[in-house]
Amino acid sequence: MKGIVYSNDLISPSIYNMGIQLGDTAESIQAGQFVHVRCGQSYDPLLRRPISVCQIDAENGIIYITYQVKGKGTRWLAEQVRGSKLDILCPLGNSFEAVMPADINEIWLVGGGIGVFPLQLLAQQYKDKADIVSILGFRSDEFKPLWQPFEQYSKRVIIATEDGSYGYKGLVTDELTLALRAHKPQIIAGCGPSKMLKSLACIAEQYDVPCVVSLEERMGCGIGACLVCNCKIKSDGEWHYRRVCADGPVFWSHEVSFDE
Amino acid sequence: MKGIVYSNDLISPSIYNMGIQLGDTAESIQAGQFVHVRCGQSYDPLLRRPISVCQIDAENGIIYITYQVKGKGTRWLAEQVRGSKLDILCPLGNSFEAVMPADINEIWLVGGGIGVFPLQLLAQQYKDKADIVSILGFRSDEFKPLWQPFEQYSKRVIIATEDGSYGYKGLVTDELTLALRAHKPQIIAGCGPSKMLKSLACIAEQYDVPCVVSLEERMGCGIGACLVCNCKIKSDGEWHYRRVCADGPVFWSHEVSFDE
Amino acid sequence: MNEISMCVDICGVKLKNPVIAASGTFAFGREYSRYLDLNRLGGISVKGLTLYPREGNPPPRIAETAAGILNSVGLQNPGVDAFISNELPYLKQFDTVVIANLAGNSRDEYCVAANKLDKADIDMLELNISCPNVKEGGLSFGATPESVYDITKQVRNYCHHPLVVKLSPNVGSIKDVASAAQDAGADALSLINTLLGMAIDPHTRRPILGNITGGLSGPAIKPVALYMVWQAAQTVDIPVIGMGGIMNGNDAIEFMLAGAVAVQVGTANLVEPMATVRIIDDIEQYMLDNGLKTIKDITGGLIC
Amino acid sequence: MNEISMCVDICGVKLKNPVIAASGTFAFGREYSRYLDLNRLGGISVKGLTLYPREGNPPPRIAETAAGILNSVGLQNPGVDAFISNELPYLKQFDTVVIANLAGNSRDEYCVAANKLDKADIDMLELNISCPNVKEGGLSFGATPESVYDITKQVRNYCHHPLVVKLSPNVGSIKDVASAAQDAGADALSLINTLLGMAIDPHTRRPILGNITGGLSGPAIKPVALYMVWQAAQTVDIPVIGMGGIMNGNDAIEFMLAGAVAVQVGTANLVEPMATVRIIDDIEQYMLDNGLKTIKDITGGLIC
Ligand SMILES: Cc1cc2nc3c(=O)[nH]c(=O)nc-3n(C[C@H](O)[C@H](O)[C@H](O)COP(=O)(O)OP(=O)(O)OC[C@H]3O[C@@H](n4cnc5c(N)ncnc54)[C@H](O)[C@@H]3O)c2cc1C
Ligand SMILES: Cc1cc2nc3c(=O)[nH]c(=O)nc-3n(C[C@H](O)[C@H](O)[C@H](O)COP(=O)(O)OP(=O)(O)OC[C@H]3O[C@@H](n4cnc5c(N)ncnc54)[C@H](O)[C@@H]3O)c2cc1C
Ligand SMILES: Cc1cc2nc3c(=O)[nH]c(=O)nc-3n(C[C@H](O)[C@H](O)[C@H](O)COP(=O)(O)O)c2cc1C
Ligand SMILES: Cc1cc2nc3c(=O)[nH]c(=O)nc-3n(C[C@H](O)[C@H](O)[C@H](O)COP(=O)(O)O)c2cc1C
Ligand code: FES
Ligand code: FES
């Protein structure tokens with residue numbers, strides 16, 4: 001599918017927000033789903049890059065992604081300007097909605113760093129159905145533009161920064177634990193570095209709160225065919241490799257084996 | 001060396017003219033010399049691309065190249081805009097001046113297709129020293145913007161087009177033969193497809209006019225070290241492989257072995 | 001009036017065109033059916049099958065390299081039985097040639113599985129003796145002419161379908177292993193499987209792949225693959241199916257000029273799900289542009 | 001206060017840093033002296049030398065492939081005598097290690113040339129038994145453990161300089177050829193030379209290279225090279241010099257983590273004449289960033 005770049009702005013050091021015109025497809029996308037973007041026509045980089053959709057402007061058929069420039073692919077993305085054409089596969093992945101029960105009216109969003117983007121769309125899409133509390137952790141207040149979008153959708157936003165430059169000093173999981181002592185939400189949705197997700201899964205189990213997480217893994221096809229993106233998922237006491245791109249990226253946290 | 005794109009204009013179907021700011025280096029470049037341009041930072045394309053310098057604006061430190069879009073490298077070049085940075089090695093090659101005798105006051109320039117560009121700079125640099133006649137061949141009059149620059153530097157411009165849409169219908173070498181019957185110039189300088197250069201060499205020998213040609217060969221380093229750009233050069237009855245990038249690209253036509 | 005025929009015949013099996021989806025990159029076709037009409041393909045070589053289901057290797061299983069990818073999937077697959085009961089009926093709905101790609105850990109395993117597939121409604125068996133991603137067996141069967149001869153001969157006994165032997169590039173002489181496979185009764189050859197490779201993260205000082213090493217595929221390996229296909233085609237009399245880095249029609253044509261009767265497309269599917277169909281169209285256009293009537297006008301047409 | 005030492009010692013020869021310009025891409029250094037200070041290099045491996053001058057193969061001699069190049073230079077060189085009289089004195093002006101890369105068509109040719117070089121003021125001899133671009137000899141000496149053992153043993157007799165054997169990747173088992181070279185008396189190994197490959201122009205139906213086939217180098221082959229260096233370093237006790245697609249400091253570090261004591265940089269020089277110096281600076285920066293004091297803290301440091 002072709003997408004047309006609508007905007008591409010540096011919002012924080014090395015982090016860009018890009019609007020992409022996708023027409024009618026835009027409104028069909030669910031939080032947790034991602035786009036798989038070809039970065040140029042060269043064979044270097046060769047593979048597409050998976051990026052979560054973080055915001056949708058359904059009326060204008062525009063989706064937004066926020067991405068950090070890390071290597072060749074994202075560097076290419078950052079060079080695109082309004083009007084540039086993108087080769088996109090979308091929407092891919094299962095979405096939070098596909099995993100969570102239907103009757104959700106209270107969600108806590110727990111995210112870390114550049115893992116907050118799928119949660120941003122979840123907040124946008126559930127803001128009228130559910131009470132949302134966003135508990136987000138960042139390295140420092142440089143990342144303010146990443147949590148600001150959560151403010152309009154959330155009943156409450158709790159920010160933790162590692163250097164204490166904003167909000168609470170410490171880890172997002174510490175803030176989560178504190179909050180859970182006071183109240184247990186209907187469900188937690190998490191996304192972030194795998195170390196964070198591992199503690200999140202622990203804490204959720206400890207407090208007995210259902211918890212879904214969105215995983216990241218290096219991908220090939222992104223559509224479920226090449227089996228390179230697999231992660232260990234337990235069910236009925238056994239584990240199997242499941243495809244993050246097609247069976248996920250969203251799984252119940254207690255089913256994920258974070259061991260490797 | 002870094003160059004900065006000053007202009008990049010489509011002047012004829014799939015042919016672009018690019019101005020590159022090079023500062024003081026610009027005026028040191030001699031006709032026949034070329035720039036070796038890295039096309040992007042990706043490893044695909046990997047090698048630099050050799051392109052002749054066709055015009056110099058010494059006052060403003062700008063060189064001009066004219067190139068046809070053929071593959072990955074030139075496609076990348078065509079995408080660059082004013083202000084884009086180029087990674088360039090320059091000037092490379094020996095130049096016409098290095099091969100021709102010092103006392104030239106009459107040159108005929110014989111060029112075909114996209115091989116006319118080194119001759120354009122030769123015309124510019126010799127216009128005050130020598131009488132210049134330009135005998136140029138093209139597929140059709142679509143290529144008019146390629147011969148127009150010769151008009152201001154030449155006493156006479158003879159154009160042949162294969163389809164007869166402009167000037168004489170036929171090959172440039174036919175026009176050359178006709179002209180030679182009337183007058184033999186001091187020297188001929190040629191550049192173009194190797195088939196054309198081969199006939200040119202024959203004709204020059206037949207009419208006993210000294211003739212220098214600028215060759216093209218696929219290149220690696222461009223600076224004389226990797227020995228991939230070699231062509232057969234005869235001297236004293238023996239041939240040796242010589243480097244087009246460093247020993248050439250300009251050679252005496254009777255020394256070149258066009259057989260392969 | 002289109003008088004072009006893209007049909008090819010590989011040991012009696014008719015393919016409507018010479019483009020086959022390569023094993024391991026196309027699963028069992030289901031995922032791609034959303035992006036293209038499977039009826040358009042010359043054939044599909046399914047994900048490598050083993051006698052028993054396999055979970056495969058620990059993640060990460062992919063590393064991008066310059067113009068290539070390393071994969072270390074390690075033959076994750078549901079096993080031959082599940083393939084026959086769950087996947088094959090799905091594939092048989094389509095008018096395309098179904099090639100079962102078979103791998104194993106031991107001679108016995110290969111033979112038992114081949115025997116099961118022999119009774120199944122597949123069109124061809126592709127003997128994968130070149131998978132670099134499994135500890136025991138796999139690659140070692142494909143490493144020397146002797147071992148290639150031996151395993152081919154064994155499996156031949158159980159296989160009445162046309163038998164394609166898929167060669168490994170990780171050998172000293174591709175001519176010798178190609179001859180060995182032919183001598184042992186292969187009906188056709190396919191090559192190349194992936195080149196052994198690895199990638200390291202200089203910051204963590206660890207291999208990028210969970211399995212440390214993996215198999216290199218994609219445009220990076222095309223020159224090596226083309227050379228090997230050219231060598232093999234000059235050596236054997238049986239048909240050769242070429243692959244390795246084919247991304248577009250020109251790439252496919254290069255392999256056919258070097259002697260391949262058909263090609264497989266692997267990594268390109270991961271980059272662009274429609275790659276196979278685009279390549280078919282490209283080849284047709286090439287034939288039109290060059291006034292060619294059949295694929296035979298291309299195969300082996302290298303001038304040198 | 002910079003306490004970093006980038007020195008490496010390869011069988012008694014001290015290199016000021018582990019970056020060596022690879023044979024065939026750096027000629028005899030002259031052309032690069034305009035772009036960089038040759039004194040900065042750990043070493044220079046000169047263009048492959050033969051007993052007699054050679055003109056090399058017909059053009060075209062280079063084809064660009066995805067993230068790689070094929071070359072078929074075919075050992076164009078002025079011969080050992082001309083090297084010793086014209087090029088070596090030039091190189092000896094610089095404070096860098098000079099490695100003579102030696103190729104040949106026959107055992108005798110190798111031995112006579114080695115004997116000449118033995119008396120010359122070179123620092124090391126690199127035995128090139130892996131050039132894919134010459135008809136007779138070249139590659140065939142490097143193809144099997146037996147032939148590697150034999151030629152190494154022969155040349156060893158005539159060579160009192162440290163002897164580096166440069167291995168070909170076009171083999172069945174790199175471990176076996178690495179062992180063979182060590183057993184025959186090699187002081188060090190260097191690898192990899194180029195992979196055999198080819199490229200075809202679909203429009204003319206002809207090979208792009210005048211020699212039909214060529215040797216593949218550049219980023220495309222890095223994963224294969226890294227794997228082979230890792231394998232070789234695990235197999236032998238002598239130092240291993242790694243190369244194949246090194247374009248930047250991180251690439252060099254990958255090879256050293258895999259077990260290389262030093263690296264060679266080839267194709268990168270063609271893309272960027274200053275590549276070697278940039279890589280030296282990158283490695284130094286990596287050491288600073290990671291608090292490493294010597295190259296020994298990198299070599300073999302892969303965690304897996
Ligand atoms: C489902 C999913 C959603 C994601 N959403 C976002 C997002 O919204 N914003 C964002 O900034 N990043 C996101 N990522 C991570 C993003 O895909 C990587 O940062 C990006 O691929 C890096 O590419 P590169 O070319 O810049 O880096 P390189 O290091 O050059 O990439 C090399 C290879 O590794 C892969 N890779 C590298 N890092 C990662 C990673 N963390 N996860 C998966 N593959 C990786 C690349 O895809 C590529 O194949 C997501 C990843 C997944 C799997
Ligand atoms: C000394 C010299 C001067 C030149 N001057 C000009 C000029 O002024 N204007 C112009 O349009 N072209 C010129 N060329 C040709 C130009 O270099 C090629 O058209 C260009 O390299 C093609 O690159 P590509 O990426 O578009 O094509 P691709 O086909 O993708 O190139 C693949 C590889 O082949 C090489 N290659 C392809 N065609 C040629 C060719 N004709 N000559 C040499 N190498 C080639 C490329 O450099 C590259 O390494 C010159 C060539 C040489 C050697
Ligand atoms: C992710 C992946 C999985 C693969 N799995 C198999 C397999 O199961 N069986 C097999 O014979 N080849 C397998 N291969 C190899 C391909 O079929 C093909 O031989 C190789 O990738 C070269 O072709 P390409 O460059 O077009 O990908 C796999 C390749 C990839 C990239
Ligand atoms: C143009 C060219 C010429 C080469 N000539 C030689 C040679 O004469 N002797 C040799 O041992 N290796 C030669 N090589 C191989 C390189 O030294 C090196 O082993 C190989 O290119 C892999 O490294 P790279 O990817 O960094 O280039 C040559 C390589 C290239 C590209
Ligand atoms: S990326 Fe191919 S199956 Fe997930
Ligand atoms: S291109 Fe390297 S010597 Fe001419």
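Select Asn128(C) and ligand 3 to start: a polar side-chain atom of Asn128(C) lies 3.0 Å from an oxygen atom of ligand 3. This is a polar contact, meaning a pair of N or O atoms within 3.5 Å (within protein, one must be able to donate a hydrogen and the other to accept it, and residues adjacent in sequence count only if both atoms are side-chain atoms). Before you go on, note that you are looking at a predicted model, in which local features need pLDDT of at least 70 and side-chain atom pairs count only at pLDDT 80 or more, while totals for chains, interfaces and linings use all residues. Residues are numbered from 1 along each chain as its sequence is written, chains are lettered from A and ligands numbered from 1 in the order in which they are written, and side-chain values use heavy atoms, leaving out hydrogens and water.

**Around ligand 3**

Gly48(C) takes part through its backbone, with a polar atom 3.1 Å from an oxygen atom of the ligand. How much of ligand 3 does the protein bury? Taken alone, ligand 3 exposes 600 Å², and the protein buries 98% of that (areas come from the Shrake-Rupley method with a 1.4 Å probe; for residues, only the protein chains shown count as cover).

Show the 22 residues around ligand 3; Ser23(C), Lys166(C), Gly218(C), Gly245(C) and Thr267(C) come nearest. A residue counts as near if one of its heavy atoms lies within 4 Å.

**Across to ligand 4**

Move to chain D and select Thr267(D), which has a polar side-chain atom 2.6 Å from an oxygen atom of ligand 4. Next, pick Ile192(D): a polar backbone atom there is 3.0 Å from an oxygen atom of ligand 4. Here, too, the ligand alone exposes 600 Å², of which the protein buries 98%.

**How chains C and D are related**

Zoom out to see both chains.

Finish at the interface, where contact means heavy atoms within 4.5 Å. The copies meet through the same surface, because 100% of the interface residues of chain D are also interface residues in chain C.
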